Amino acid sequence: HPQVTKVYYPGLPDHPQRELALRQMSGFGAMISFELGSFDNAKALLARVRVCSLGESLGGVETLISHPATMTHASVPEEERNRLGITMGLVRISVGIEDLEDLIADLSGALEAVG
């Protein structure tokens, strides 16, 4: 989607740790992170998703979405978060068992509110 400026997923050919993932994993998993460029953009997306549920813990069967900078990593100083790539525009999704087309439609619709 044009609003997404970067995607973090070891299954992508250009991911810097793809080879490590290939050696250690039998598949690439269902965790995807992407950059939207700002906190306002991330908030706009999070406010619009309907199939994805907001969740700090990403261990369910349902698709969960989180904003690491204000949730799981809120106690990490901003400078350190930025060094680690955990920016205010970063959104993380743990993909669940919902219908793929429903998830795509949900995220596409929500991304239309970004920017």
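User: Hi! What volume does the second largest pocket have?
Analyst: Hello! This is a predicted model, and in it the second largest pocket has a volume of about 190 Å³.

User: Which residues line the second largest pocket?
Analyst: Its lining includes Tyr 8, Tyr 9, Pro 10, His 15, Met 31, Ile 32 and Ser 33. Leu 84, Gly 85, Ile 86, Leu 90 and Arg 92 line the second largest pocket as well.

User: And which elements give two or more residues to that lining?
Analyst: Those are S2 and S5. S2 gives the most, with three residues.

User: How does the lining of the second largest pocket divide by class?
Analyst: You'll find eight nonpolar, three polar and one charged residues there.

User: Thanks. Now the largest pocket: how much space lies in it?
Analyst: About 380 Å³. There are 16 lining residues, and the closest to the centre of the largest pocket are Ile 32, Phe 34, Ile 93, Ile 104 and Leu 107.

User: Which elements give two or more residues to the lining of the largest pocket?
Analyst: S2 again, together with helix H4 (100-111). H4 gives the most here, with six residues.

User: How many charged residues are in that lining?
Analyst: There are no charged ones; the lining of the largest pocket has 13 nonpolar and three polar residues.

User: Switching to the sheet, in what order do the strands come?
Analyst: The order is S1-S2-S5-S4-S3, in an open sheet of five strands with mixed pairing.

User: Which strands stand at the edges?
Analyst: S1 and strand S3 (53-54) do. Each has a single partner strand, so one side of each has no neighbour in the sheet.

User: What packs on the sheet?
Analyst: Helix H2 (residues 39-48) does, touching S2, S3, strand S4 (64-66) and S5. The direction of H2 makes about 30 degrees with that of S5.

User: Let's zoom in on S2. In which sense does S1 pair with S2, parallel or antiparallel?
Analyst: Antiparallel: S1 (residues 6-8) and S2 (residues 31-35) pair over three bridges. At one spot Tyr 8 stands opposite Ser 33 in S2, and both Tyr 8 and Ser 33 are also in the lining of the second largest pocket.

User: How many bridges join S2 to S5?
Analyst: Five, and S2 and S5 (residues 90-94) run antiparallel. Phe 34 has Val 91 as its bridge partner in S5, while Glu 35 stands opposite Leu 90.

Terms used: Residues numbered from 1 in each chain as written. Predicted model: local features only at pLDDT ≥ 70, side-chain atom pairs only at ≥ 80, totals over all residues. Heavy atoms only, no water. Pairing = 2+ DSSP bridges. Helix = DSSP H or I, 4+ residues; strand = E, 2+ residues; numbered from the N terminus. 1 Å grid on protein atoms, 1.4 Å probe; cavity = no way out; pocket = protein on both sides within 12 Å on 5 of 7 lines; lining within 4 Å. Points joined across faces, edges and corners; volume = space filled by probe spheres on them. Nonpolar A, V, L, I, M, F, W, Y, C, P; charged D, E, K, R; others polar. Contact = heavy atoms within 4.5 Å. Axes fitted to C-alpha atoms, helices over the stretch in contact; angles between N-to-C directions.
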